Amino acid sequence: MLNQSFSAETFQEIFDKENRKGNNVEKLFKLDFHHTLKHLKNIEGLTKNIKSESDESKRRALRLELKKTKKEREELILNVLERASKDLPKKVTQIKLANGPVFGKPTYVLERNIHNFFMSKKVQWNILKTYKVKQANRHSILSELINLLEDKFPKYVIRTDITSFYESIPQNSLKSKINDDHLLSMLSKRFINGIFEEYNRLTSQTGSENPRGIPRGIGVSPYLSELYMRQVDAKIKKITDVVYYSRYVDDIIIVFIPEDKRVEQSQLDSYKINITKIIKDSGLEINDSKTKCYNLLNDLNEIHSATRDIKNKIELPIVNVLNAKTINFLGYNIGSEKTNIYTGTNKKPKISEKLSVDISQNKLKKYKDKIKLAFVEYDRKKGSNSKVALKLLYSRIEFLTSNTRLKNNKGKVLIGIYYSNSFVNNLENLNKIDRSLKYYLGRSGMSDVDKKKFNKLNFVEGFTLKKFIEVPLKKEIYKNHNYQKNDPKNAKNKGVLRYGLNEINSIWRKY
């Protein structure tokens, strides 16, 4: 049975879990953990000394001291967690939210202190384990959808999303669900109610009979939104002829397969009407401008996006359809590519059709904006130190055109031009990004030697070859494997400065 208590023991579980994920809680709250951080530094020093010590008796003594220091550190951590778990019924009534940065929509931040951190994490865990709610996996959704579209079985697809999703969720319905179930602990409920009260204060809804919204940016909010949407998901799945339904936050895709592909238009229209009604009855609204219907009952012609002609084994340039009605979903444009194969004197070609997956126009714009910002920052800084500015620019463009592993993440998450766009089989928009990069390079004012170095960085190659680079979390001095500390030839070898994710991404925070 789940232990929902807010104790030092349950906080210890959270502490260990966060560290396994690569989130250093001690460094996040240095003042609270200043004694344990000193012990951690001593542990690192003792470990280093043990490795370098050749005398076995001294090594034995160092190991005993290391064991003692580790035990003391564990006790100190527990002491900090015990203090953090004290008087929580009182502290939960003092929760404060503040306005955070605006990323299209306003976000909010929880007052930064150790007890808020652990309470928030514990409430998230309590909801997750009690209600079994979690956000859908983006990669799985896309994989399932693409497989469904590729099978060429007659189908009707609706893609939609919910207008101002987080801001529109009715609080009273959600709170009733939580309170009536009697599944969450009282302190968990008080924490959630405190978040709502603070959000209503900041959005001028205090005293409102029907307050709406969940604060974006607060860790517990995605769990609350998933809990609220569970009833909506279940109702849509029950609509006649639904064979596939998936939702990623507020982005929704539904696939219908009627019993007969010669179905009346009125029945096809009823699918959208039923979806709209279910969402409206839940207190939300669908976004009409982003709601698209795709009739794929006969073929993929509805999403036809490109044509390729092959005449006598000679492949002609591909012709793209202007304003093609592609399926824009989770960062991808999904269309179809027709290939006409002409052989000999045959006037009628052999026609084949396949699914075409490209990055979305929105994602294309984000890549172009990042390139532009990198060159703007280079222009701004090159006057004071051109060498440093050029090196940082190179690090940023290399990062964009390559792939890397998030080193501070224990799951070893891979990101980059390929791993963030792995379903792409149409390189049209990646070629556009490369042309944008060449545009800024041509106007950068850098030397031909430097341009030649930058010209080796390529989005299409980074994608197709899965080019991989190592990127530290923050800038560091890298000394290559030939460096020998005691070699007089390398006495002046200071190493090479290598920029990290912190410096590279500093100008792209909103992306």
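Axes are lines fitted to C-alpha atoms, for helices over the stretch in contact, and angles run from 0 to 180 degrees between N-to-C directions. The model is predicted; local features need pLDDT of at least 70, side-chain atom pairs count only at pLDDT 80 or more, and totals for chains, interfaces and linings use all residues. Residues are numbered from 1 along each chain as its sequence is written, and side-chain values use heavy atoms, without hydrogens and water.

Helices (DSSP runs of H or I, at least four residues) and strands (E, at least two) are numbered from the N terminus. Helix H9 (residues 171-181) packs on helix H11 (residues 221-237) at about 90°, with the axes 10 Å apart. H9 is therefore roughly perpendicular to H11 (65 to 115 degrees). Ser173, Leu174, Lys177 and Ile178 of H9 meet Leu224, Leu227 and Tyr228 of H11 (contact: heavy atoms within 4.5 Å). By class, five of these residues are nonpolar, one is polar and one is charged.

Helix H15 (residues 428-442) has 15 residues. At 1.5 Å a residue, counted for one less than the number of residues, H15 should span 21 Å, and its end C-alpha atoms are 21 Å apart, which agrees. Asn429, Leu430, Ile433, Asp434, Ser436, Leu437 and Leu441 of H15 are buried (under 20% relative accessible area, 1.4 Å probe, protein chains only). They cover an arc of only 155° around the axis, so they lie on the same side of H15. The cover includes strand E12 (350-359) and helices H13 (361-381), H14 (386-400), H16 (448-454) and H17 (459-464).

Leu81 lies in helix H4 (residues 56-84). Leu81 is buried, at 0% relative accessible area.

Note on methods:
Buried < 20%, exposed > 50% of the residue type's maximum accessible area, 1.4 Å probe, protein only. Arc of directions from axis to C-beta. Parallel < 35°, antiparallel > 145°, perpendicular 65-115°, else oblique. Nonpolar A, V, L, I, M, F, W, Y, C, P; charged D, E, K, R; others polar.
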